[in-house]
Structure formats: structure tokens, C-alpha cells
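Subject: Structure handover

Hi,

Here is the structure I promised to pass on. Have a look at it first, and then read on for what turned up.

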Amino acid sequence: MTAKTIEEVIAQLHEIIAIETNRNSQMAFFPILYLKVTERIKVGIHNHEFENNARMEILDVLFANRYIQAYRDYSEEKTPTLSWKHAFEATKESSLLIMQHLLLGINAHINLDLGIAVAETVGDQGDLTDFENDFNKINEILGSMIDDVQQRIGKVSPLFYLLEKVGKGKEDKIVSFSINIARDGAWLFANQYHFSPNKLEEVTSRDRIIGLLATKLTTTKSWLLRYTIKTIRFLETKNTKKVIDILNAA
């Protein structure tokens with residue numbers, strides 16, 4: 001059932017997290033981050049932090065439904081967007097870091113879904129420029145949540161700090177993925193999608209690009225970085241419930 005309110009979004013995210021945690025599946029990692037972001041946005045709306053709080057709830061629901069529908073499609077063996085397919089398929093891999101799974105979800109949801117959701121919230125006749133400040137506010141919230149999660153990951157991944165040390169200065173997306181770059185790209189895509197006379201073609205083209213970016217979040221040409229990731233992953237907690245409890249702690 002499609003969510004119609006933030007409360008329904010939160011309830012459905014809890015349901016997905018419970019299902020995937022019981023399966024000890026890495027598919028539980030992204031929705032726990034997304035749940036924290038959604039709860040923070042709900043508080044922001046309640047506290048009138050946005051320029052247009054009513055519109056923000058509409059965006060939040062449209063945005064979340066894109067992830068929820070992609071999850072359901074994949075669970076029912078239907079085909080989601082290529083960007084989400086990469087993220088979901090990757091959860092079957094035992095060699096990827098917890099952070100890589102989070103980045104794959106962020107990649108699909110911010111780089112593809114957010115621009116579409118923003119344009120749909122405004123509508124074909126709406127003024128997209130009026131949305132830019134609230135759009136940036138959303139990404140500020142997401143950025144702060146990611147920073148918080150990275151701090152928590154150290155509790156279930158004792159060598160996680162090595163990723164930044166070894167990868168510093170490298171071009172690999174695994175270590176150089178930037179929420180600010182993703183934000184700027186998502187805003188550009190929102191404008192392209194908003195004004196495009198062929199929205200389906202716009203989505204298909206964008207999805208292909210973001211799907212390619214997903215592959216760069218799971219591979220690296222650097223043998224040193226590959227070895228570091230393997231070492232970090234070896235010592236990461238493999239118990240999904242423990243990871244979820246740490247990421248979801250107050």
C-alpha cells in the first residue's frame with residue numbers, strides 16, 4: 001500500500017527493517033538510515049524549519065514511496081530501476097562494507113529518486129526555483145545523519161577508520177563519494193526532468209548513469225584499497241540485528 005503520510009512512511013520503513021533484520025539481510029542497512037532521516041524531517045516540519053512545511057511533507061512521502069516501491073518490486077521479483085537493482089543485488093555479496101551498502105542506497109535515492117520527487121511535488125506548472133532552499137535543507141539533514149552513522153559504524157567495524165586513511169586522495173568513489181556533489185547533481189536532474197517533454201526518456205538516461213556509478217561504489221582499481229576493504233570487512237560484525245541496534249541507537 002502506497003504511503004500517504006510521513007507516519008505511514010515511518011511505519012512501512014519499520015516493517016521493511018524488521019523483515020530484513022529477521023533474515024539477517026544487509027538490505028536492512030539503508031532503511032535504518034532512511035528511517036532516521038525521515039524522523040528528523042518529521043521533527044523539522046513540526047518545528048517549522050522549512051520554508052514550506054506542508055509541501056515538505058508531500059515531498060517526503062513521494063520521495064519515500066519511490067524507495068518503498070523499488071523494494072517491493074525487487075522482493076516480488078519484478079524489475080526496479082537499474083540504480084536500485086544494483087543496490088539490492090549488492091546485499092547478497094558478503095565482501096562489501098556496511099558503508100558501501102549505505103552509499104549504494106544513497107546513490108539510487110538521491111541521485112535518481114530525489115530529482116523526480118522534487119519535480120513531481122512542484123508539478124509541471126510549478127516554480128522549481130522556489131524549492132531550492134528546502135531542497136538544500138533536506139540534504140543538510142541527510143549529510144548530518146551520514147556523519148552520525150559513520151561514527152556509529154566504528155562500533156561494529158573496528159577498522160573502518162582505515163578506509164579514509166588508505167583511500168585519502170584517491171579518485172575511487174568508495175572513498176570520494178560526496179553528498180554535496182550528489183545534491184548538486186540531483187538538483188540539476190530535477191530541473192532537467194521538470195522541463196523535459198519526455199520524462200520517461202529522461203529517467204531512463206539518468207538511471208543508466210547512476211547505475212554505472214553504483215558499480216564504481218563496489219569496485220576499485222587499487223589493490224591496496226581492495227586489500228584494506230577485505231581486511232575491514234573481515235572484522236565487521238556480520239549480525240544484522242547488532243548493526244541495526246547500533247545504527248538506530250539514540
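**A buried asparagine, and what lies around it**

Asn111 counts as buried, because its relative accessibility is 5% (buried means under 20% relative accessible area, exposed over 50%, partly exposed in between, with a 1.4 Å probe and protein chains only). Before going further: this is a predicted model, where local features need pLDDT of at least 70 and side-chain atom pairs count only at pLDDT 80 or more, while totals for chains, interfaces and linings use all residues. Residues are numbered from 1 along each chain as its sequence is written, and side-chain values use heavy atoms, with hydrogens and water left out.

Back to Asn111, which sits in helix H5 (helices, H or I with at least four residues, and strands, E with at least two, are DSSP runs numbered from the N terminus). Its side chain makes a polar contact of 2.8 Å with that of Asn107. By polar contact I mean a pair of N or O atoms within 3.5 Å; within protein, one must be able to donate a hydrogen and the other to accept it, and residues adjacent in sequence count only if both atoms are side-chain atoms. Leaving aside neighbours within four places in sequence, Asn111 is in contact with Ile106, Phe177, Ala182, Phe189, Arg206, Ile210 and Leu213 (contact means heavy atoms within 4.5 Å).

How do H5 and H6 run relative to each other? Their axes come within 12 Å and cross at roughly 175°, which makes H5 roughly antiparallel to H6. Axes here are lines fitted to C-alpha atoms, for helices over the stretch in contact, and angles run from 0 to 180 degrees between N-to-C directions. Angles under 35 degrees count as roughly parallel, over 145 as roughly antiparallel, 65 to 115 as roughly perpendicular and the rest as oblique. On the H5 side, the residues that meet H6 include Ile98, Leu102, Ile106 and Val118; among their partners in H6 are Phe135, Asn139, Gln150 and Ile153.

H4 and helix H10 (residues 199–216) have axes that come within 7 Å and cross at roughly 25°, so H4 is roughly parallel to H10. Here Leu82, Ser83 and His86 in H4 meet Asp207, Arg208, Ile210, Gly211, Ala214 and Thr215 in H10.

In helix H12 (residues 240–248), the buried residues are Thr240, Val243, Ile244 and Leu247. Their arc around the axis is only 100°, which puts them on the same side of H12. What covers them includes helix H1 (6–22), helix H2 (29–46), H5 and helix H6 (132–153). The N-terminal end of H12 is capped by Asn239, with a side-chain oxygen 3.0 Å from the backbone nitrogen of Lys241.

His48, in the loop between H2 and helix H3 (53–75), has a positive phi of about 55° and is exposed, with a relative accessible area of 62%. Glu77, in the loop between H3 and helix H4 (82–90), has a positive phi near 60° and counts as exposed at 76% relative accessibility.

Lys92 belongs to the loop between H4 and H5 and is exposed, with a relative accessible area of 59%. Its side chain is joined to that of Tyr74 by a polar contact of 3.2 Å.

Finally, Asn133 in helix H6 is partly exposed, with a relative accessible area of 47%. Asn133 and Phe50 are 83 residues apart along the chain, and their C-alpha atoms are separated by 8.3 Å.

Cheers

Definitions and conventions
The arc is that of the directions from the helix axis to the C-beta atoms.
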